[in-house]
Amino acid sequence: MTVVTEANPAEHYATYLEAIRTGDRRRAFQIIDTARDAGLDLAGIYLGIFQPALREIGGLWQNNELTVAEEHLATAITEAAMARAYERAFTWSTDGSRTLIAACADVERHEVGLRMLCDLLDLEGWRTTYLGSTVPIESLAAMVLRLRPDVVALSVALSPHLPRLRAMVAAIRSTLGGEQPLIIVGGRPFLDDPSLAQRLGADLTARNAVDAVRLLGERVSRAR
Amino acid sequence: MDPVAVEGRAAAELLARKTSLAEMATDALYADMPELMTRYGAVGRERCLEDIRYTIDHLIPAVDLAQPSMFATYVGWLDDLLRARNVSTREVIRSLELIEQAVRNELAPDEANVVASCLRAGLDSLGAARREG
């Protein structure tokens, strides 16, 4: 095995992709541990290794080079590797004064991007509440009303779920009345056309989790 | 958005009639290309119906948001996916044309027009080179 000393995600990307492509969970974990030991931070691992690897896995499925089962396994391994990397990166030194609730509009499981956002915000001192996919709209709105977060983050991977995202935004807007949270949206349809965010009633969108962390950091002040 | 806009009505109609539109388009495709039944059998026909329903799922938000490019992106993705599974671009094109035909038969003319403009954007995205496939 090559000993990697630089904090460069590209060094680890190809081996990680090969590990999840072949369903080798132990090796995938090992590669990520090595990347961390080499000094790569969580954002670098997420955006430099996990995200491009999962995009490539999706492409391989599209090209009929991977089965759906293999694709799901690669995703499951990556979710576990994310949890492991996050646990190793998290410290209790953060204040948790800024808050965010996150939910996916999809009814399928395309949750990794939003999970990345929550993890990276946690490390920046936010308190995040991650709900995953298929949350009933009324119960999402009720939770937003109860917790009054600074931000609600909603994601959608596939365009057929955009109407559902629009309904989520509308429900939050009408339930919250005068004191609105900032609503950020993300996912493939917004990469293709960022102007969709405002058309669906949201406040902003971002190209990836790191950009979203930076934008939200600018928009939401620490002391409220 | 304006809920009474023609795009919203057309999207709602597509959603309500998705299954029957998909069945019409699949029937027409198999009548048009009888070799499909020989090649793929009854299982293939079921898959085709499923794919056309999925295509209508992607057509709906593009119509609703008046965003034909959104549907064109999907069609490019679908064509790559199907060609990797030995389904030709010619079949994709024909299925889009037959969805349009079913929509014109079933929806009000103004609704059918906005749906057709999204379908056309999808067809246009399958450039001349790909049509040979």
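Predicted model: local features only at pLDDT ≥ 70, side-chain atom pairs only at ≥ 80, totals over all residues.
The interface joins 15 residues of chain A to 16 residues of chain B. The size of an interface is often given as the accessible area lost when the parts come together. Here the area buried between chain A and chain B is about 1,400 Å², and carbon and sulfur atoms give 53% of that area. On the side of chain A, the most area is lost by Gln62(A), Arg166(A) and Arg199(A), which together account for 38% of what that side buries.

Between chain A and chain B, 1 salt bridge is counted. It links the side chains of Arg166(A) and Asp64(B), with an N to O distance of 2.6 Å. Polar contacts between chain A and chain B number 8 residue pairs, with both residues at pLDDT 80 or more. In chain A, at least two residues of the side touching chain B come from each of helix 3 (42-62), helix 7 (162-176) and helix 9 (196-199). Helix 7 of chain A gives the most, with 3 residues. By class, the side of chain A that touches chain B comprises 7 nonpolar, 4 polar and 4 charged residues.

Most residues other than glycine have a negative phi. Asn64(A), in the loop between helix 3 and helix 4 (68-89) of chain A, has a positive phi, near 65°. Asn64(A) counts as partly exposed because its relative accessibility is 42%, between the limits of 20% and 50%. In chain B, Asn86(B) also has a positive phi, near 65°, and lies in the loop between helix 4 (68-83) and helix 5 (89-106). The relative accessibility of Asn86(B) is 65%, so this residue counts as exposed.

Key
Residues numbered from 1 in each chain as written. Chains lettered and ligands numbered in written order. Heavy atoms only, no water. Contact = heavy atoms within 4.5 Å. Buried area = accessible area lost by both parts, 1.4 Å probe. Salt bridge = Lys/Arg side-chain N within 4 Å of Asp/Glu carboxyl O. Polar contact = N/O pair within 3.5 Å; in protein donor to acceptor, adjacent residues only side chain to side chain. Helix = DSSP H or I, 4+ residues; strand = E, 2+ residues; numbered from the N terminus. Nonpolar A, V, L, I, M, F, W, Y, C, P; charged D, E, K, R; others polar. Buried < 20%, exposed > 50% of the residue type's maximum accessible area, 1.4 Å probe, protein only.
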